[in-house]
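Thanks for asking me to look this one over. Here are my notes, point by point, to read alongside the model.

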Amino acid sequence: MNKLKVGVIGGTGMVGQRFVSLLAEHPWFELTVIAASARSAGKTYEQAVGSRWALEVPMPEMAKGIVVKSAVDDMAEIAGQVDFVFSAVDMKKDEIKALEEAYAKLECPVVSNNSAHRWTPDVPMVVPEINPEHLEVIPAQRKRLGTKRGFIAVKSNCSLQSYVPALHPLKDEFGLNKILVCTYQAISGAGKTFETWPEMVDNIIPYIGGEEEKSEQEPLKLWGHVDGDHIANAEAPSITAQCLRVPASNGHMAAVFASFDKKPTEEEIKARWAAFSGKPQALDLPSAPKQFIHYFQEPDRPQTKLDRNLEGGMAVSVGRLRPDTQYDYKFVCLSHNTLRGAAGGGVLLAELLCAEGWFDR
Ligand SMILES: NC(=O)c1ccc[n+]([C@@H]2O[C@H](COP(=O)([O-])OP(=O)(O)OC[C@H]3O[C@@H](n4cnc5c(N)ncnc54)[C@H](OP(=O)(O)O)[C@@H]3O)[C@@H](O)[C@H]2O)c1
């Protein structure tokens, strides 16, 4: 199989660095273009990133010498050189919307990590194990954009990538009706490290702008369905969320409370988690975890530092399932926010799009 050529727009940032490191040795995709702001354009990737490299793994050798392009000024050239792009820019929301649509209109598909298009009704927002069928809305989006090949597909917010997978296999069978969730989110979710955000050492900040709304509303789009030319959101369950920033480098934890119309037993819940497998597993996509949900019996697991990298940071860890006095059950979940929750989730979505022929020419 010939590898597809791919560009990373916003490749110098924290999420962009993850994309670059995941793509450096990807079996299906070849990283050929890195783009960022005009500040970085013309420099080699190594020069442009400089001391900002934030990953625990070294910068890939193959990326160091790539000359960074301007995501805006070199758009037509980039769109002509690659088969699709990943988007991880940090700009104003309406600028990101316009930039991603411009790439799509140049017939260059966009797989985006950004929130800008998550609520565009004909843009699929996909967690590949949960709602791969939402890609069927792409022809309607292409019609609106007037494109043959170009489109935008997005991944959902990092905060929900642990608890939505855990709730999904229980939802329909047991009538999931009410969720309360508190998230404990790592500082890399703000594009920061302890060096760049020393105020977070020995501290918790009980506010992350916009995050509670995303945590409550995005699951309803994921659990919606394609209705003609748009995604119709699910009406239930009702979700309430509080999101806190905690002093962890990577890994978002969630404490979850859930109630059902038909209360399952603990054994039934654990059995659904153990058996949960989606299209990425059936298609054996390169970034798919073999086992999506891992349940820990130990009362003090999962732990952020010990368990966030499970299956390359693409699996979800769950533990502490027990009855609750106000909801039916409570439990905790963990996922890696810049792997499953950001770049890894984006790469897995691109693998699904590729396997299903959406990038075909
Ligand atoms: N961090 C996470 O865990 C996470 C998770 C989910 C979603 N997100 C979202 O992903 C996006 C990127 O986040 P991040 O943490 O990686 O941000 P970041 O580290 O600040 O990186 C921002 C990137 O955008 C580029 N950029 C900024 N202004 C630009 C412009 N005018 N034109 C073109 N490129 C421009 C930067 O290029 P220069 O280097 O040239 O300035 C850099 O490559 C954000 O929208 C964020 O909300 C982040």
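A residue is taken as near a molecule or strand if its C-beta atom, placed from the backbone, lies within 6 Å of it. This is a predicted model, in which local features need pLDDT of at least 70, side-chain atom pairs count only at pLDDT 80 or more, and totals for chains, interfaces and linings use all residues. Residues are numbered from 1 along each chain as its sequence is written.

1. Ligand shell. The ligand is surrounded by 27 residues, and the closest are G13, A36, S37, S40 and G191. By class, ten are nonpolar (Ala, Val, Leu, Ile, Met, Phe, Trp, Tyr, Cys and Pro), two are charged (Asp, Glu, Lys and Arg) and 15 are polar (the others, Gly among them).

2. Where the shell comes from. Helix 1 (14-23) and helix 13 (339-355) each supply at least two shell residues; helices (H or I, at least four residues) and strands (E, at least two) are DSSP runs, numbered from the N terminus. Helix 1 gives the largest share, three residues. Domain 1 (4-157 + 343-355) and domain 2 (159-336) each contribute at least three residues to the shell; the bounds come from an automatic or database domain assignment.

3. The C-alpha centres of domain 1 and domain 2 are 24 Å apart. Across the boundary, 32 residues of domain 1 are in contact (C-beta atoms, placed from the backbone, within 7 Å) with 29 residues of domain 2. On the domain 1 side, helix 13 supplies the largest share, seven residues. That side divides into 17 nonpolar, nine polar and six charged residues.

4. Nonpolar core. Such a core is a set of buried Ala, Val, Leu, Ile, Met, Phe, Trp, Tyr and Cys residues joined through C-beta atoms within 7 Å. The largest one has 96 residues, and F19, V85, A153, Y163, A166, V256 and C333 touch the most other members. Helix 13 gives the most to this core, with ten residues. Both domain 1 and domain 2 give residues to this core, so it lies between them. Beyond its neighbours within four places in sequence, C333 is in contact with residues including Y163, A166 and V256.

5. A spot to look at: D83. Is D83 buried or exposed? D83 is buried, because 21 other C-beta atoms lie within 10 Å (the cut-offs are 20 or more for buried, 12 or fewer for exposed, and partly exposed in between, with C-beta atoms placed from the backbone). D83 sits in the loop between helix 4 (75-81) and strand 4 (84-87). Leaving aside neighbours within four places in sequence, D83 is in contact with L4, K5, V6 and F359.

Conventions:
Contact = placed C-beta atoms within 7 Å.
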